[in-house]
Amino acid sequence: MRKEEFIELPKLVQQYLLYIEAIKGHSELSVLEYASDLRTFFRFLAKEKGLYPKDMPDEEIDLSPIDIKFIQSVNLSDAYQFLIYCKNERKNSESTRARRVIAIRRFFKYLSENMGLLENNPMKNLDTPKSKKSLPKYLTLDEAEKLLSVIDGPYKERDYAIITLFLNCGMRLSELVSIDYNDIKDDGSLVITGKGNKERKIFLNQACIDAIVGYMKKRHNNSVKDRALFLSSRNQRISPKTVQHMVYSYLEKAGLNDRGLSVHKLRHTAATLMYQHGKVDLLLLKEILGHENLGTTEIYTHISEDATKKAIASNPLANKKSIW
């Protein structure tokens, strides 16, 4: 979803999206996700409550007429019917349905607590679908080195620098594309603006510095106005979609495209390599990654335990029967 499409949303949803970006400090990508989830929810409701025929294509539905009176008619049962629709019709995964629940719950909380437009919040007890806790996917050290080795083409210096930063610093996609070249200080430090507009300082290692220096020598833009570190082929700040496409193409080139890997998995790779090979303390890793809770960081200890379990299970004597 694009920001230009916000005008098609209910006015109260538009106001909410402004609120979470301006006041709550959500990133643009996060706001777009909330917008998409709420649009899907209200398109479903518009058909269920008879505003539009059930066979009307979603893209033809105009949600702007939906007002507070319509929203006040929405109840918890409607939300559960929506989740069933997401599961059976849209084939949404558990994680996607859980994300949609969060968007709905927070929007109705905003209407009731911030705006005072709902006397009772019908979504207060909307439960999040249970999801299986799976270990994050990541590249091994050999695979990470292989990925770096296949980088080539007219933008190879830029692409190499981008992937090097992902693999070494564990930054998010939104954080990387927002870096300005003057954010990098002489001591190699870099202040990153993460989720919730929170800043954190990291220090680039020599591989990152060398990669950036190599890229800056080839950077085809001397405009003082353009402060972005990474530029697109049009000499504009590189977009998240361009970075995603670039990473996917190199994963495919390296023969690593069959495991559901993505840009975010490079962040998991950096964290895993730091924890397993660098023996980085969990509290320090939490600060480097910009996690709000230590529990989020602890997933990397489970990765290590899982790897240990698999290693022992691979012993050729693992299945030998006792003679007694």
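Is arginine 99 buried, partly exposed or exposed in this predicted model? Arginine 99 is partly exposed, at a relative accessible area of 32%.

**View 1. Salt bridge between aspartate 37 and arginine 99.** The closest N and O atoms of aspartate 37 and arginine 99 are 2.7 Å apart, and the two residues form a salt bridge. The pair links distant parts of the chain, 62 residues apart: aspartate 37 belongs to helix α2 (residues 28-48) and arginine 99 to helix α5 (residues 94-114). Aspartate 37 counts as buried because its relative accessibility is 2%, whereas arginine 99, at 32%, is partly exposed.

**View 2. Salt bridge between aspartate 58 and arginine 90.** The side chains of aspartate 58 and arginine 90 meet in a salt bridge, with an N to O distance of 3.8 Å. Aspartate 58 has 18% relative accessibility and counts as buried; arginine 90, at 33%, counts as partly exposed.

**View 3. Network of Asp37, Arg99 and Arg100.** Salt bridges with shared partners join Asp37, Arg99 and Arg100 into one network. The count of salt bridges in the model comes to 15.

**View 4. Salt bridge between arginine 2 and glutamate 4.** Arginine 2 and glutamate 4 meet through their side chains in a salt bridge of 3.1 Å, N to O. Arginine 2 is exposed, with a relative accessible area of 51%, and glutamate 4 also counts as exposed, at 55% relative accessibility.

**View 5. The largest nonpolar core.** This core has 40 residues, and those with the most contacts inside it are Phe166, Met171, Phe230 and Val243. Two or more residues each come from α6 (141-149), α7 (156-169), α8 (173-177), β1 (189-193), α9 (206-218), α10 (240-253) and α11 (263-276). Helix α7 gives the largest share, seven residues. Apart from this core lies another, of 37 residues, which includes Ile66, Leu83, Cys86 and Ile104. In soluble globular proteins, nonpolar side chains tend to be buried together.

**View 6. Surroundings of phenylalanine 166.** Which residues are in contact with phenylalanine 166, leaving aside its neighbours within four places in sequence? They are Met171, Arg172, Leu173, Leu176, Val243, Val263, Leu266, Arg267 and Ala270. Met171 and Val243 are also among the residues with the most contacts inside the largest nonpolar core.

Terms used
Residues are numbered from 1 along each chain as its sequence is written. This is a predicted model: local features need pLDDT of at least 70, side-chain atom pairs count only at pLDDT 80 or more; totals for chains, interfaces and linings use all residues. Side-chain values use heavy atoms; hydrogens and water are left out. A nonpolar core is a set of buried Ala, Val, Leu, Ile, Met, Phe, Trp, Tyr and Cys residues joined through side-chain atoms within 4.5 Å. Buried means under 20% relative accessible area, exposed over 50%, partly exposed in between (1.4 Å probe, protein chains only). Helices (H or I, at least four residues) and strands (E, at least two) are DSSP runs, numbered from the N terminus. Contact means heavy atoms within 4.5 Å. A salt bridge is a side-chain nitrogen of Lys or Arg within 4 Å of a carboxyl oxygen of Asp or Glu.
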